[in-house]
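Here is a short briefing on one protein model. The points below are grouped by topic.

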Amino acid sequence: AEFKGSLIEFADGHTVRLKDRRADFTKIAGTGTGNDANIIASTSVDQSITMADTATITGQSLGMLEGGIDNAVKLQLLDTFAWNEFVVDGDYSYNSSVTLALAGRTVKISGNGSLIGVGGSFKISGSLTELGAISVGTATEGDRTINVTGLTGVVSGDLIIIHNQVDFSFSPHRANYYDGEFTEVASVAGDVITLTKPLESTYTAVATNKVFKSNSVTATIEDVSFYGDGTYALQVAFARGGEIKPTRIEGGVTAAFRLDKSYGTELYNGEYYNSAPDTSLQYGISIVNCQNINGYGQIAHATRHGIATGGDSLDGAVPCRRIKFYNAVMTNDVPSTHTTDFHGNTTDSGYYNCDSFGDVSLSGVNVEYVGGTVTGGDRVAPFSGSEFNGGYLRYEGITLICTALSTGTSMFKFLNTAESIKISNNYDIILNDISIKNNTLIQYLMEVTVNAPTVESNWYLTNIRPENQLVSGQRVVKGTVIGVGVRPNSIVVRNIQL
């Protein structure tokens with residue numbers, strides 16, 4: 001763009017090279033239009049040539065410098081070049097936040113170096129385009145079509161987000177727990193979008209059921225380390241697919257790493273470390289309004305929650321659906337706060353064969369912690385349900401290690417009656433196949449208070465193996481009915497080693 005409209009004379013037999021673009025041209029005789037290989041040998045021909053961007057850019061080719069030099073301006077150039085891979089070939093600092101707007105792009109950031117934010121965050125982002133709202137009748141759960149009046153700008157293969165922007169539409173626990181979902185477009189005919197899979201919720205024809213197109217970025221992070229003292233050390237937003245495989249992500253006032261309104265992204269290994277002062281918002285990994293996210297082998301530490309899901313109040317703030325972590329390790333700095341967390345806008349999600357060094361709190365609908373270990377902290381219970389709202393709440397196949405801080409707690413408990421009274425869907429609590437070490441510190445194996453009206457429940461406590469025999473004062477189940485709360489349909493206690 002810097003050469004547009006300029007008169008430049010290229011000498012015969014010489015090559016012109018720019019650091020970020022291929023510019024190898026040959027003079028040819030004749031008339032016509034130049035291109036990215038040939039320049040017409042004429043002063044009278046109006047020529048337009050393209051200097052094609054190189055596929056790979058390095059820190060050195062951008063002119064970046066190590067040693068604490070501010071490279072923010074040079075990093076921001078990645079916003080303008082059509083690159084495929086950026087190789088971080090050194091340890092580069094930047095002194096203000098860098099945001100790369102890469103909607104529609106497929107990119108990779110690799111290398112054994114690091115990006116170090118001093119007073120800033122590093123963000124890779126796609127974008128959203130509002131298409132309209134659900135119109136013409138009701139799009140019912142299980143349907144494969146939606147109507148959006150005046151629909152333009154969407155084609156087969158696009159990723160869209162349906163967002164019910166009515167407060168509490170997904171869960172009664174917080175106003176910004178909105179209903180909605182990511183879904184893919186199979187075809188478009190007029191105002192009708194046919195989807196590749198059935199709808200997961202029902203949407204009436206009202207202006208608050210908005211439809212957005214995700215202009216996604218497909219980003220892969222490989223081996224690079226990110227350090228930053230901004231809001232996040234690394235944030236990836238509006239991604240579709242891609243792989244996050246860093247060496248280490250450290251810092252962030254709120255989180256070391258935030259994945260925001262993304263779909264189908266995979267996380268592999270890496271260390272995620274947050275140690276900011278406790279202001280109730282500190283995470284190693286924060287998964288925000290995402291769907292179909294899998295994580296494998298992370299080591300995640302934070303002042304509060306090593307790994308957590310959650311949401312904000314912006315466009316596209318749909319439930320976290322199918323967020324699953326495997327073989328991860330979670331730790332934190334504040335024993336009185338649970339280490340491993342799902343917030344109440346989460347559904348069909350779980351932790352599998354993970355090790356939580358601190359309590360686990362599962363919220364949402366159909367959530368579970370299966371396999372692995374939990375080392376209890378000093379909260380009210382090593383296993384808990386907080387903003388739970390129905391379906392199943394499952395802890396299964398776990399070795400529970402009670403610490404000295406766990407005196408007088410229950411193995412499982414709803415955290416407080418102010419939250420349990422809001423449960424609006426029937427539910428099952430499942431505690432199965434659990435070995436307990438140092439269980440002398442536990443008062444109840446299961447403690448449940450029911451105070452929500454009309455909601456039915458079933459409680460299962462099966463195959464529990466305490467290391468020490470239960471003694472006077474310890475109980476298997478404690479159930480309390482308050483006010484209009486409904487007694488459980490069944491309490492199943494089976495194969496408890498007393």
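Strand β27 contributes the most to the lining of the second largest pocket, with 4 residues. The model is predicted: local features need pLDDT of at least 70, side-chain atom pairs count only at pLDDT 80 or more, and totals for chains, interfaces and linings use all residues. Residues are numbered from 1 along each chain as its sequence is written, and side-chain values use heavy atoms, with hydrogens and water left out.

**Pocket**
- The second largest pocket has a volume of about 460 Å³.
- Of its 30 lining residues, R174, S280, L281, Y283 and H343 are the closest to the centre.
- Two or more lining residues come from each of β24 (283-288), β27 (305-310), β33 (360-370) and β35 (383-388).
- Lining residues have an atom within 4 Å of a pocket point.

**Sheet**
- An open sheet of 6 strands runs β10-β15-β12-β13-β14-β11, with antiparallel pairing.
- Its edge strands, β10 (127-133) and β11 (145-147), each pair on one side only.
- Strands are DSSP runs (E, at least two residues), numbered from the N terminus, and two of them pair if DSSP finds at least two bridges between them.
- β12 (residues 159-164) and β15 (residues 209-215) pair over 5 bridges in the antiparallel sense.
- I160 stands opposite K213 in β15.

**M411**
- M411 is in contact (heavy atoms within 4.5 Å) with residues including F383, L400, L431, Y444 and I464, leaving aside neighbours within four places in sequence.

Note on methods. On a 1 Å grid over the protein atoms alone, a cavity is a set of points where a 1.4 Å probe fits but cannot get out, and a pocket is an open set with protein on both sides within 12 Å along at least five of seven lines; lining residues have an atom within 4 Å of a point. Grid points are joined across faces, edges and corners, and a volume is the space filled by probe spheres set on the points.
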